[in-house]
Amino acid sequence: MTTSQGEQGGGADARREPAGAGAPRPEERLEQAVRAAEQALIEFEIAVETFRVEVENFSRLHEQKLGPMYARLEELDARILEVKAERSGDPEDRRRADEARAQLAPIPGVEELLNGWMDGGGLYPEAAAMLTDQPVRPPQRVRPGEEARKLYRDLARKAHPDLAQEDSERRRREEFITRVNAAYARGDASELRELAEEWAAGPQPKRVAGPADELYARLEWLARRKELLTAVAKELEDSAIGGMLRLAPEDPDGLLDEIAEQLRTQLAEREAELARLLD
């Protein structure tokens, strides 16, 4: 095709269809960018929330299942040091034994005041459940089952507060998603199914596109929200429990069994050492 032919063809096309016809309006492209950013943010929030649930559940189950074993191990270590100090009469041995024993002694009154009620992040779920007349049910596993995970993701995508355009709708969604998060943390698939039915039966407000200035402001808000979530995710990943979970991303519940087996081995070794010292 020669240049003159191409120009002629272009002119014919231009006559058939006006220039710019069919191209999306600039505001329409901005609306599409906002919606894509919203969906990406929601997926990120879902990932952060599911990891937060796993961190909290792992921490709670770690304490429930392994706490007594850790306590017994520390008691044996302190007792071994005490026996060694009694035999040697060395002041340094006595100092180490006293320090080990002191670490086991609880601060008077603190356990009674806080145990089972509060941690660094506020009320334990069990305590919050009691205060809101919800059934108290600690997690049974680190990661909720596949059905609960699927239901949770689907509900979070549909009912997420970030999709609201009015304050009243945002509040409704925030209250609803709080219940969704609580059910997911417990791994309660039946409750999540009920919540899915409730959401489907409720009002579904239509999305109304705003003017360009509002869309730009929305993009800026989404960017700030992502920065906040990134900081939350990093804090979770850098925590001690988060680090442990990274050791077994596919089977966090199995990691508890593996740690328990290691603790049982250590306990047997300490028991044998103490028995030799007391002979």
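Rings of Phe, Tyr and Trp, the last by its six-membered ring, are taken as a pair if their centres lie within 6.5 Å, and planes under 30 degrees apart count as stacked, those over 60 as edge-to-face and the rest as tilted. By this rule, the structure above, which is a predicted model, has 2 aromatic pairs.

One of them joins Tyr152 and Tyr184, whose rings are 4.4 Å apart centre to centre with 20° between their planes, and this pair is stacked. Tyr152 belongs to helix 6 (residues 146–159) and Tyr184 to helix 7 (residues 167–185), so that the pair links distant parts of the chain, 32 residues apart. Both tyrosines, Tyr152 and Tyr184, are buried.

Phe176 and Trp199 form a pair that is tilted, because their ring centres are 5.0 Å apart and their planes stand at 40°. Since Phe176 lies in helix 7 and Trp199 in helix 8 (residues 189–201), this pair ties together parts that are 23 residues apart in sequence. Phe176 is buried, with a relative accessible area of 5%, and Trp199 also counts as buried, at 4% relative accessibility.

We can now turn to helix 3, which runs over residues 91–104 and, with its 14 residues, reaches 20 Å from its first C-alpha to its last, close to the 20 Å expected at 1.5 Å a residue. Its buried residues are Asp93, Ala97 and Ala100, and seen down the axis of helix 3 they fall within an arc of 60°, so they line one face of the helix. An α-helix has 3.6 residues a turn, so residues three or four places apart point the same way. On the other side of helix 3, Pro91 and Gln103 are exposed.

Terms used
Residues numbered from 1 in each chain as written. Predicted model: local features only at pLDDT ≥ 70, side-chain atom pairs only at ≥ 80, totals over all residues. Heavy atoms only, no water. Helix = DSSP H or I, 4+ residues; strand = E, 2+ residues; numbered from the N terminus. Expected span 1.5 Å × (residues − 1). Buried < 20%, exposed > 50% of the residue type's maximum accessible area, 1.4 Å probe, protein only. Arc of directions from axis to C-beta.
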